[in-house]
Amino acid sequence: MNLQNKVAVVTGAASGLGLATCKNMAAAGAKVVGLDRDETKLATLASELGANCIVRSVDVADEASVQAGIDAAVQAFGTIHVAVNCAGVADSAKTLSRGQPFPLATWSKVIAVNLTGTFNVIRFAAQVMSANEPEAGGERGVIINTASGAAWQGQIGQAAYSASKAGVMGLTLPVARDLAELGIRVVTIAPGLFDTSMVAGLPENVSQSIINRMILFPNRMGQAEEFGGLVRHIAENQYLNATTISLDAGARMSAR
């Protein structure tokens, strides 16, 4: 897909992987629709990217909110060609801690945002993409999701997070099969340890210890721009479909 003048919707757009994705899409010539709950950071994004960017406050776990965000994209730019799901939360708890079971409200929140929220965006974006005029190879759109290395290497306290990300991986193939006849591709990225707000609060000695124990090479955390660059490549490479790509420098998670 040639991204020049294409329309890319990105959730979790206000920070981290989503923000880097928005900037990468814009640099490739795409029109960007940034969806997030942080209105202050969204305003900064819109100001930075200019006229070819609109932003909307959206809760991906809420059906009406997602529909409104998708409708805003179509109203502003006419259609959607790329949808990138970066919105996510990482609330943690042990299955049993000090005699108390995992809080079900925490479980429900993580599944609602990470898994249901991803599928919410997929289904509404796919509906819009299906009406696009196909490109020369028959492509109408591409959907790119964010899983995690925790999907198969979950650490202590990550039962909900790991389950939600394994679910994102699990929906990749069936959704790709559902949408293949429409010329819509579905690809998932499973990032490893990235230098984002989720790890920003760690003391330097702690983060360096994690790097030394878990990451092969290069011996550092990933940069959000590297994730954004892979999103762009997936959008541009039509032969990538129905797969999950690990972006982790060979990281292997320990229990803690």
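## Helix packing, cysteines and backbone details

Helix H1 passes helix H2 in a right-handed crossing, a crossing being right-handed if the near helix is turned clockwise from the far one by less than a right angle, and left-handed if anticlockwise. The model is predicted, so local features need pLDDT of at least 70 and side-chain atom pairs count only at pLDDT 80 or more, while totals for chains, interfaces and linings use all residues. Residues are numbered from 1 along each chain as its sequence is written, and side-chain values use heavy atoms, with hydrogens and water left out.

**Two helix pairs**

Two packed helices are described by the angle between their axes and the distance between the axes. Helices (H or I, at least four residues) and strands (E, at least two) are DSSP runs, numbered from the N terminus. Axes are lines fitted to C-alpha atoms, for helices over the stretch in contact, with angles from 0 to 180 degrees between N-to-C directions.

H1 covers residues 16-27 and H2 covers residues 39-49; their axes come within 11 Å and cross at roughly 15 degrees. H1 and H2 are therefore roughly parallel to each other (under 35 degrees; over 145 is roughly antiparallel, 65 to 115 roughly perpendicular and the rest oblique). From H1, the contact (heavy atoms within 4.5 Å) is made by Leu-19, Cys-22, Lys-23 and Ala-26, and from H2 by Leu-45, Glu-48 and Leu-49. By class, the contact has five nonpolar, no polar and two charged residues. In this scheme Ala, Val, Leu, Ile, Met, Phe, Trp, Tyr, Cys and Pro count as nonpolar, Asp, Glu, Lys and Arg as charged, and the others, Gly among them, as polar.

The second pair is helix H3 (residues 63-77) and H4, whose axes come within 10 Å and cross at roughly 35 degrees. The H3 and H4 crossing is right-handed. H3 contributes Glu-63, Val-66, Gln-67, Ile-70 and Val-74 to the contact, while H4 contributes Asn-120, Val-121, Arg-123, Phe-124, Ala-125 and Val-128. These residues divide into seven nonpolar, two polar and two charged.

**Residues within helices**

Asn-120 belongs to H4, which spans residues 104-129. Leaving aside its neighbours within four places in sequence, Asn-120 touches Val-60, Ala-61, Asp-62, Glu-63 and Val-66. Leu-42 lies in helix H2. With neighbours within four places in sequence again left aside, Leu-42 is in contact with Ala-13, Ala-14, Gly-34, Leu-35, Asp-36, Val-55, Arg-56 and Ser-57. The C-alpha atoms of Leu-42 and Gly-192 are 150 residues apart along the chain and are separated by 25 Å.

**Cysteines**

A disulfide is a covalent bond between the sulfur atoms of two cysteines. How many disulfides does a search of the whole structure find? The search finds zero, where a disulfide is a pair of cysteine sulfur atoms within 2.5 Å. Cys-22 is in no disulfide, and its nearest cysteine sulfur, that of Cys-53, is 6.4 Å away. Seen from Cys-53, the closest cysteine sulfur is in Cys-22, and the 6.4 Å between them is too far for a bond.

Cys-86 lies in the loop between strand E4 (82-85) and strand E5 (96-97). Apart from neighbours within four places in sequence, Cys-86 is in contact with Val-10, Thr-11, Gly-12, Leu-17, Gly-18, Thr-21, Thr-146 and Phe-227. The C-alpha atoms of Cys-86 and Thr-118 are separated by 8.3 Å, although 32 residues apart along the chain.

**Backbone details**

Most residues other than glycine have a negative phi, and most peptide bonds are trans. Which residues are joined by a cis peptide bond? They are Phe-217 and Pro-218, with omega about -5 degrees. Pro-218 is in the loop between helix H8 (204-214) and helix H9 (224-236).

Asn-5, which is not a glycine, has a positive phi near 65 degrees. Asn-5 sits in the segment before strand E1 (7-11). Ala-242 also has a positive phi, near 55 degrees, and is found in the loop between H9 and strand E9 (243-247).

**Accessibility**

Buried means under 20% relative accessible area, exposed over 50%, and partly exposed in between (1.4 Å probe, protein chains only).

| Residue | Relative accessible area | Class |
|---|---|---|
| Cys-22 | 0% | buried |
| Leu-42 | 2% | buried |
| Asn-120 | 5% | buried |
| Cys-53 | 7% | buried |
| Cys-86 | 16% | buried |
| Ala-242 | 31% | partly exposed |
| Asn-5 | 48% | partly exposed |
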